[in-house]
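Me: I am new to reading protein models. Could you walk me through some features, one at a time?

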Amino acid sequence: MFNLTKAVQLRIDKLVGSLKSEEQLVEILRKKFTKKEYKVFIAMESDVSVSEIAKEISVEVDRVKEIYKAACKKLNQEKIKKELVTFE
């Protein structure tokens, strides 16, 4: 089964604190990512092939890789990391 917390942890370079709950992560990522970034990030982390993702969102394979890269970059922005983390 897909684990969003683990996927986000793997993509963040320097994580201080612990991530919020799965439900909170979904809510934050939906708010911060574009629709395509969110779909691509979830699909890539769920091991869906790039060509299948490209068909699903009607873009080229290279564009899917660019969108995924942009989503990972966003995850590493301090502003977004602060929203994803709890310091309990």
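**Reading rings and helices**

Reply: Happy to! Keep in mind that this is a predicted model.

Me: How many aromatic pairs does the structure hold?

Reply: There are two aromatic pairs. In one of them, the ring centres of F33 and F41 are 5.8 Å apart and the planes meet at 70°, so this pair is edge-to-face. Planes count as edge-to-face when the angle is over 60 degrees.

Me: Is F41 buried or exposed?

Reply: F41 is buried, because its relative accessible area is 0%. F41 also pairs with Y68, and that pair is stacked, with 6.1 Å from centre to centre and 20° between the planes. The two partners come from distant parts of the chain: F41 sits in helix α3 (residues 35–45) and Y68 in helix α5 (residues 61–75), 27 residues apart. Y68 has 15% relative accessibility, so Y68 counts as buried. Put together, F33, F41 and Y68 make one aromatic cluster.

Me: Now the helices, please. How are two packed helices described?

Reply: Two packed helices are described by the angle between their axes and the distance between the axes. Here, helix α1 (residues 4–11) packs with helix α2 (residues 22–32) at an angle of about 60°, and their axes are 9 Å apart. That angle makes α1 oblique to α2.

Me: Which residues of α1 and α2 meet?

Reply: From α1 come L4, T5 and V8, and they meet E22, L25, V26 and L29 of α2. Sorted by class, this contact has five nonpolar residues, one polar and one charged.

Me: Which residues in α2 are buried, and where do they lie on the helix?

Reply: First, the general idea: an α-helix has 3.6 residues a turn, so residues three or four places apart point the same way. In α2, the buried residues are L25, I28 and L29. Looking down the axis of α2, you find its buried residues within an arc of 95°, so they line one face of the helix.

Me: What do the buried residues of α2 pack against?

Reply: They pack against α1, β1 (18–19), α3, α5 and α6 (78–84).

Me: And which exposed residues does the face turned away from the buried side of α2 carry?

Reply: That face carries E23, E27, R30 and K31, which are exposed.

Terms used. Residues numbered from 1 in each chain as written. Predicted model: local features only at pLDDT ≥ 70, side-chain atom pairs only at ≥ 80, totals over all residues. Heavy atoms only, no water. Phe/Tyr/Trp six-rings, centres within 6.5 Å; stacked < 30°, edge-to-face > 60°. Buried < 20%, exposed > 50% of the residue type's maximum accessible area, 1.4 Å probe, protein only. Helix = DSSP H or I, 4+ residues; strand = E, 2+ residues; numbered from the N terminus. Axes fitted to C-alpha atoms, helices over the stretch in contact; angles between N-to-C directions. Parallel < 35°, antiparallel > 145°, perpendicular 65-115°, else oblique. Contact = heavy atoms within 4.5 Å. Nonpolar A, V, L, I, M, F, W, Y, C, P; charged D, E, K, R; others polar. Arc of directions from axis to C-beta.
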